[in-house]
Amino acid sequence: MSDKAFENFALEPESLVDAWILQAENFWAFEKLRELIVANDYVALSVIFDIAAKAKSDEVLGRLAVGPLEDMLHAHGDSYLDRIKEYAAKNPKFARCLLMGIRITGPNSEKTQKFIEKLAKKAVQNGTHPAL
């Protein structure tokens, strides 16, 4: 691929290559977290909180949102709603993560869905919703 093809990107081809390889090499972490959601949902939610706290970009938050967080909320959202509300109130990055395209359904997530809807309305009103 020619360097000319990368003129519209804000990074060098080598950076993209390195980042892609790093992500691919660490895909095991994504799988382990998915397994943890099934095996020990309480610990899995703590890991999700820690990832959100350490995330340095909306890109990372978005991947967390539509992957492990969505899976966790779909399976166990209402069981941990108090914990989720408390952490979202203390950690704006996690609250933002909750608004990044999560689609949850199911009998264990109805209250969580309503909480996220309220959070989204508030974020739109104060101009902090990620979609704005």
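The axes of α3 and α4 come within 11 Å and cross at roughly 155°. That angle makes α3 roughly antiparallel to α4, because angles over 145 degrees fall in that class. The crossing of α3 past α4 is left-handed. From α3, the contact draws on Asp41, Ala44, Leu45, Ile48, Ile51 and Ala52. From α4, Leu61, Leu64, Pro68, Leu69, Met72 and His76 take part. By class, this contact of α3 with α4 holds 10 nonpolar residues, one polar and one charged.

Now step back to the whole chain. The model is predicted. The chain has seven helices and zero strands. Read from the N terminus, its elements run α-α-α-α-α-α-α. There are 132 residues, and buried residues make up 33% of them. The chain exposes about 8800 Å². Carbon and sulfur atoms supply 57% of that area. Take the contacts between residues at least 6 apart in sequence: 67% of them join residues at least 24 apart.

Helix α4 also packs against α2. Helix α2 spans residues 27-39, and helix α4 spans residues 58-76. Their axes come within 10 Å and cross at roughly 10°. That makes α2 roughly parallel to α4, since angles under 35 degrees count as such. Phe30, Leu33, Arg34 and Ile37 represent α2 in the contact. They meet Gly67, Pro68, Asp71, Met72 and His76 of α4. The contact of α2 with α4 has five nonpolar, two polar and two charged residues.

Pro68, Met72 and His76 of α4 take part in the contact with α2. Pro68, Met72 and His76 are also listed in the contact with α3.

Look at Arg34 on the α2 side. Arg34 is found in helix α2. Its relative accessible area is 36%, so Arg34 is partly exposed. Arg34 and Pro68 are 34 residues apart in sequence. In space, their C-alpha atoms are 6.2 Å apart.

His76 sits in helix α4. Which residues does His76 contact, leaving aside its neighbours within four places in sequence? They are Ile37, Asp41 and Asn108. Ile37 belongs to α2, and Asp41 belongs to α3. Asn108 is 32 residues from His76 in sequence. From C-alpha to C-alpha, His76 and Asn108 are 5.7 Å apart.

Return to α3 for its packing with α5. Helix α3 covers residues 41-54, and helix α5 covers residues 81-90. They pack at an angle of about 15°, with their axes 12 Å apart. Helices α3 and α5 are therefore roughly parallel to each other. Their crossing is right-handed. Tyr42, Leu45, Ser46, Phe49 and Ala53 form the α3 side of the contact. Arg83, Ile84 and Tyr87 form the α5 side. The residues of this contact divide into six nonpolar, one polar and one charged. Leu45 of α3 is listed here with α5; Leu45 is listed in the contact with α4 as well.

Is Asp82 buried or exposed? Asp82 is found in helix α5. With a relative accessible area of 64%, Asp82 is exposed. The sequence places Asp82 and Thr112 30 residues apart. Their C-alpha atoms are 9.5 Å apart in space.

Helix α6 covers 92-97, and helix α7 covers 110-125. Ser109 is found in the loop between them. Its relative accessibility is 0%, so Ser109 counts as buried. Leaving aside neighbours within four places in sequence, Ser109 is in contact with Leu73, His74, Asp78 and Ile104.

The walk ends beyond α7. His129 lies in the segment after that helix. Its relative accessible area is 14%, so His129 is buried. The cut-off for that term is under 20% relative accessible area. Not counting residues up to four places away in sequence, His129 touches Arg96, Leu99, Ala120, Ala123 and Val124.

Key. Residues numbered from 1 in each chain as written. Predicted model: local features only at pLDDT ≥ 70, side-chain atom pairs only at ≥ 80, totals over all residues. Heavy atoms only, no water. Axes fitted to C-alpha atoms, helices over the stretch in contact; angles between N-to-C directions. Helix = DSSP H or I, 4+ residues; strand = E, 2+ residues; numbered from the N terminus. Parallel < 35°, antiparallel > 145°, perpendicular 65-115°, else oblique. Left-handed = near helix turned anticlockwise from the far one by under 90°. Contact = heavy atoms within 4.5 Å. Nonpolar A, V, L, I, M, F, W, Y, C, P; charged D, E, K, R; others polar. Buried < 20%, exposed > 50% of the residue type's maximum accessible area, 1.4 Å probe, protein only. Areas by Shrake-Rupley, 256 points an atom, 1.4 Å probe, with all protein chains shown as cover.
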